[in-house]
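This report goes from one residue to the whole chain. Keep the sequence and the structure in view while reading.

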Amino acid sequence: MTQIVTRAEATALGLKRFYTGDPCKREHVAERFASTGGCVACLRDQTDEWRRNNSEKLRELSAEYRQANLEKIREKARQSYRANRENELARAAKYRRKNKEAINRRRAIRRRGSPNIIREERARHYYAHRAELIEKRAKYRRDHAEQERKNQARYRRENPETVRRKHAKYRYLQPDKTREFGIARRARERSAPGKFTPADWRALLARSPVCYYCKKKFTRTLRPDGTLGPATHDHVIPLSKGGANTPENSVAAHLSCNVSKGAGSWHPVNGQGLLL
Ligand SMILES: [Zn+2]
Ligand SMILES: [Zn+2]
């Protein structure tokens with residue numbers, strides 16, 4: 001219950017409102033403004049009514065305000081988002097779950113209408129949140145390792161050409177990384193059970209005129225599409241799966257065929273015989 005404060009008392013105390021408990025002429029038992037004596041509830045009613053009668057004008061006014069204060073509004077939204085990030089994310093996720101179909105429909109329409117804009121937006125979003133997105137993806141991979149392996153193996157099986165092209169491009173653009181992988185693989189070979197000497201490799205090459213997998217000849221260099229190329233040392237049972245580094249577990253194969261085998265045994269070595 002609001003305390004009784006006369007207008008004179010409120011003015012003396014520097015309060016903006018007073019309260020007598022008596023109804024106004026529209027029978028609101030409400031606070032009144034110390035400055036004018038007007039009823040707070042009446043003013044609210046009048047304001048509401050004005051808003052109802054001037055909705056068009058209000059829309060215009062707020063549009064004008066938004067236009068004039070774009071940066072301010074954005075900054076405020078950003079602040080509020082940062083302060084309530086968890087809630088906002090949960091709310092957005094809930095909205096997406098509830099409106100999945102409508103969202104997909106809108107997306108499809110936008111994609112058809114302006115593919116370039118969408119591509120740009122995506123790129124912008126990616127670069128703005130790059131580190132975060134990479135970390136998120138890595139976490140997903142860690143949490144769903146088994147499923148990820150299966151997905152990747154299936155992708156490699158179903159898209160051997162794309163995978164070949166991608167790996168060829170990678171080797172071309174990242175020679176240093178490629179060399180590192182080669183070093184890592186040689187280290188794995190050293191620590192794997194068994195032994196495979198340069199002499200073993202020469203013997204294997206001598207009895208392997210064609211690729212173990214595709215039965216095509218080896219070539220000096222990779223084709224532009226990443227196929228063929230020189231013989232590479234491949235372990236039939238990958239070392240990572242407990243295979244031995246022995247002549248019995250070794251075949252000569254194109255790097256790309258080694259890739260399309262798709263058992264997770266691809267090693268982006270730079271197209272040279274590994275032990276040469
Ligand atoms: Zn009133
Ligand atoms: Zn081959």
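Leu205 belongs to helix H12, which covers residues 198-206. The model is a predicted one, and the description of this residue is read from that model. Is Leu205 buried, exposed or partly exposed? A residue counts as buried when 20 or more other C-beta atoms lie within 10 Å of its own, and as exposed when there are 12 or fewer. Leu205 has 16 other C-beta atoms within 10 Å, so it is partly exposed.

Leaving aside residues up to four places away in sequence, Leu205 touches Ala231 and Ala252. The C-alpha atom of Leu205 is also separated by 9.3 Å from that of His233, and these two residues are 28 positions apart along the chain.

Helix H7 takes up residues 115-128. How many of the 14 residues of H7 are buried? The number is zero, so H7 lies largely in the open.

The chain as a whole has 13 helices and four strands.

| Domain | Residues |
|---|---|
| Domain 1 | 1-68 |
| Domain 2 | 69-128 |
| Domain 3 | 159-260 |

The centres of domain 1 and domain 3, taken over C-alpha atoms, are 82 Å apart. Along the principal axes, the C-alpha atoms of the chain fill a box of roughly 110 × 40 × 30 Å. The radius of gyration of the chain is 36 Å, whereas a compact globule of 276 residues would have one near 19 Å. Of the 276 residues, 13% count as buried. Among the contacts in the chain with a separation of 6 or more, 55% are between residues 24 or more positions apart.

The last topic is confidence. The chain has a mean pLDDT of 85, and 93% of its residues reach 70 or more. Which elements have the lowest and the highest mean pLDDT? Helix H13, residues 255-260, has the lowest at 68, and strand S2, residues 32-33, has the highest at 95. Over residues 260-276 the pLDDT stays under 50, and for this stretch the model has 59 contacts beyond four places in sequence.

Definitions and conventions: Residues numbered from 1 in each chain as written. Chains lettered and ligands numbered in written order. Predicted model: local features only at pLDDT ≥ 70, side-chain atom pairs only at ≥ 80, totals over all residues. Domains from an automatic or database assignment. Helix = DSSP H or I, 4+ residues; strand = E, 2+ residues; numbered from the N terminus. Contact = placed C-beta atoms within 7 Å. Expected span 1.5 Å × (residues − 1). Rg over C-alpha atoms; globule rule 2.2 N^0.38 Å. pLDDT = per-residue confidence, 0-100.
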